[in-house]
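Hi everyone, thanks for coming.

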Amino acid sequence: MYQKNFVICDEEPLYAKNLMEMIQSRKELGFQMQVFHQFEQLEKFASQKPIQILLIGEAYPKEARMRIEAKEKFILVKGENRILGEGEHEIYKYQSVDKILSKILEFSMENNSIAGKVVQKKQRKLIGIYSPIHRIGKTKFALEMGKELAGKSPVLYLNLEEYAGGACYFSQEQEKDLGDLLYYVRHETGNLGLKIRTMAEQMGELDYIRPMSVVQDLQSISTEEWLELFKQVMEKCVYEVLILDLGDSVQGLYEILNTCDTVYTPYIDEPAAKAKLMQYTENLRKTGYESILEHTIQKPVRTKNGGTAV
């Protein structure tokens, strides 16, 4: 595994330390982190080891910064229209770590640079979560599973429901959603892994892409497009687990479930629910998708105060 030397140097020690810890937590990027707040320490380090990515505060004079060699050099600025040296790229200092990291990764994608090389994953698993029984907390079940698995390995969660719950579950900060990711895959430009990193939001250690907000857009995606997306994510991205939270409106539902390594089907112990589950099972058999049952785990859940417990 090749690790990229990512160096942060800022005159505010606490800011630099917190920024380092947040970036270092993204283990899938494979960064080897170093942090300094005294320029002399940075100079000494740079004379001994190559720096692939340097993130440095604008308080250090341009002439001094230019003495430091780095494959990529980003300047933490506090305002606009700063005068930068050759090869320097500005990043606004007081924004979220995700936005800082996204700008670095976007630059890497455009230039096919050293930060664009992601760490190779160990193994992959595609998990589908679907139930013919509605309003039993399936999405909460899927998210809780994702957060638990993300504590052990990189996990991406995708919601393919017609009505995913919007702000109840997902942040509204990121403008791009699953539809934008599908558009990107269709045109096959750049590095998909890095593109996802610029789009993904987090729930703890779990990564997710915002669901599509328009039902008709979701319904227009073909089976082949869905399967190609999942294939690309599993082959070209760092994630070891891809979780699909599936609804009835997605084209090729049974094909997708058949592709999954494991399918979890939550249900409640109630007569009508059991009847729906039996009808779903019989439908799989009658339509030639009985093989889905071979890798399905039915999970009893109980609802309490609008929540779900396994």
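**A walk through the model**

Let's start at one ring: Lys93 lies over the face of Tyr15, with 4.7 Å to the ring centre. A charge counts as sitting over a ring if NZ of Lys or CZ of Arg is within 6 Å of the ring centre and within 35 degrees of the ring normal.

A word on where this comes from: the model is predicted, so local features need pLDDT of at least 70 and side-chain atom pairs count only at pLDDT 80 or more, while totals for chains, interfaces and linings use all residues. Residues are numbered from 1 along each chain as its sequence is written, and side-chain values use heavy atoms, with hydrogens and water left out.

Now for the whole protein. It has twelve helices and 14 strands; helices (H or I, at least four residues) and strands (E, at least two) are DSSP runs, numbered from the N terminus. Of its 310 residues, 51% count as buried. Here buried means under 20% relative accessible area, exposed over 50%, and partly exposed in between, with a 1.4 Å probe and protein chains only.

Back to the rings. A pair of aromatic rings is described by the distance of the centres and the angle of the planes. Rings of Phe, Tyr and Trp (its six-membered ring) pair if their centres lie within 6.5 Å; planes under 30 degrees apart are stacked, over 60 edge-to-face, and the rest tilted. By this rule there are nine aromatic pairs. Tyr15 and Tyr94 form an edge-to-face pair, because their centres are 6.3 Å apart and their planes are at 75°. This pair links distant parts of the chain, 79 residues apart: Tyr15 sits in helix α1 (residues 13-24), and Tyr94 in the loop between β5 (88-92) and α4 (97-111). Which of the two is buried? Tyr15 is, with a relative accessible area of 17%, whereas Tyr94 is partly exposed at 42%.

Next, Tyr254 and Tyr280: their ring centres are 6.5 Å apart and their planes at 65°, so this pair is edge-to-face too. Tyr254 belongs to helix α10 (residues 253-259) and Tyr280 to helix α11 (residues 271-286), 26 residues apart. Tyr254 is buried at 18% relative accessible area, and Tyr280 is buried at 6%. Ring pairs also join Tyr130, Tyr254, Tyr280 and Tyr289 into a cluster.

Let's stay with α11. Its 16 residues should span 22 Å at 1.5 Å a residue, and its end C-alpha atoms are 22 Å apart, which agrees. The expected span is 1.5 Å times one less than the number of residues. The buried residues of α11 are Ala273, Leu277, Tyr280, Thr281 and Leu284. They cover an arc of only 95° around the axis, so they lie on the same side of α11; the arc is that of the directions from the helix axis to the C-beta atoms. On the other side, Pro271, Met278, Gln279 and Lys286 are exposed. What do the buried residues of α11 pack against? They pack against α10, β11 (262-267), α12 (291-294) and β12 (296-300), where contact means heavy atoms within 4.5 Å. Just after α11, Gly288 takes a positive phi of about 85°.

One last stop: Leu181, in helix α6 (residues 178-187). Leu181 is buried, with a relative accessible area of 0%. Leaving aside residues up to four places away in sequence, Leu181 touches Leu192, Ile196, Met199, Ile209 and Leu229.
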